[in-house]
Each structure stands twice: as C-alpha cells, then as structure tokens.
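Visitor: I'm new to this structure. Could you show me how to read a few of its features?

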Amino acid sequence: ELAQGSKSLDPIAHNITKTFNSNIYVKHLPQNITEGDLRRVFTFSDDVRIISLKLMEKTREDNGFTAKSNYAYIMYDNVQNAQKAIQKFD
C-alpha cells in the first residue's frame, strides 16, 4: 500500500510506462536487412540487452507505384539502454 501523498505508480502502470519508454522505433531500413543484423547493430555494448525485436515491412501504393520500406520496434531491457541507442544512432 502506498503512503499517503505518494506519487508512485501502481505496479501495472509502472510496467506499462517502463515498457513504453524502453521501446525504440527504427524506420527506413534496407530491404535486405534481417532481425539478426538489427540485433548485432543495436546490441552495441556488453551491458545493452534487447528483450524483443520485431522487423516489419510496409507497402504503399501511389499512382501505380509500389514502395516498400522496412521498420522495426526494438525493446531494450531498460529505459537507459533505449536512450543510449537513440543517442548513438539518431
């Protein structure tokens, strides 16, 4: 139970916030990239650990022209590692 006046989040809200803040979105990836390639690049230090990685393809048609682009969602083990990745690759 939280002390009176405490601003701490309940455990469910804390986990949602932690998960949301430890995710990064990477766009404009090459067509031939693999999840393994992304893991090697974005695990850029021994103390950085990726929990989840999802590589996706977006297809868009515009005036008969089909454009494909890859993007990924990468979830790190903590917010600090996600921030390190953003600083390193932004």
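This is a predicted model: local features need pLDDT of at least 70, side-chain atom pairs count only at pLDDT 80 or more; totals for chains, interfaces and linings use all residues.

Visitor: How are the rings of Phe 44 and Phe 89 arranged?

Guide: Look at the angle between the planes: over 60 degrees counts as edge-to-face. Here the planes are at 75 degrees and the centres 5.7 Å apart, so the pair is edge-to-face. Phe 44 sits in the loop between α2 and β2 while Phe 89 is in helix α3, so the pair ties together parts 45 residues apart in sequence. Phe 89 also has the charged end of Lys 88 over its ring, 5.7 Å from the centre.

Visitor: Which rings make up a cluster?

Guide: Tyr 25, Tyr 71 and Tyr 73 are linked by ring pairs. Tyr 71 and Tyr 73 pair edge-to-face, with 6.0 Å between centres and 85 degrees between planes. Tyr 73 is partly exposed at 39%, whereas Tyr 71 is buried at 16%.

Visitor: Where does Tyr 71 lie, and what is it in contact with?

Guide: Tyr 71 is in strand β3. Beyond its sequence neighbours within four places, its contacts include Tyr 25, Val 26, Leu 55 and Met 56. His 28 is 43 residues away in sequence, yet the C-alpha atoms are 6.1 Å apart.

Visitor: What about the phi of His 28?

Guide: His 28 isn't a glycine, but its phi is positive, about 60 degrees. His 28 is in strand β1 and is exposed, at 64%.

Note on methods. Residues are numbered from 1 along each chain as its sequence is written. Side-chain values use heavy atoms; hydrogens and water are left out. Helices (H or I, at least four residues) and strands (E, at least two) are DSSP runs, numbered from the N terminus. Buried means under 20% relative accessible area, exposed over 50%, partly exposed in between (1.4 Å probe, protein chains only). Contact means heavy atoms within 4.5 Å. Rings of Phe, Tyr and Trp (its six-membered ring) pair if their centres lie within 6.5 Å; planes under 30 degrees apart count as stacked, over 60 as edge-to-face and the rest as tilted. A charge sits over a ring if NZ of Lys or CZ of Arg is within 6 Å of the ring centre and within 35 degrees of the ring normal.
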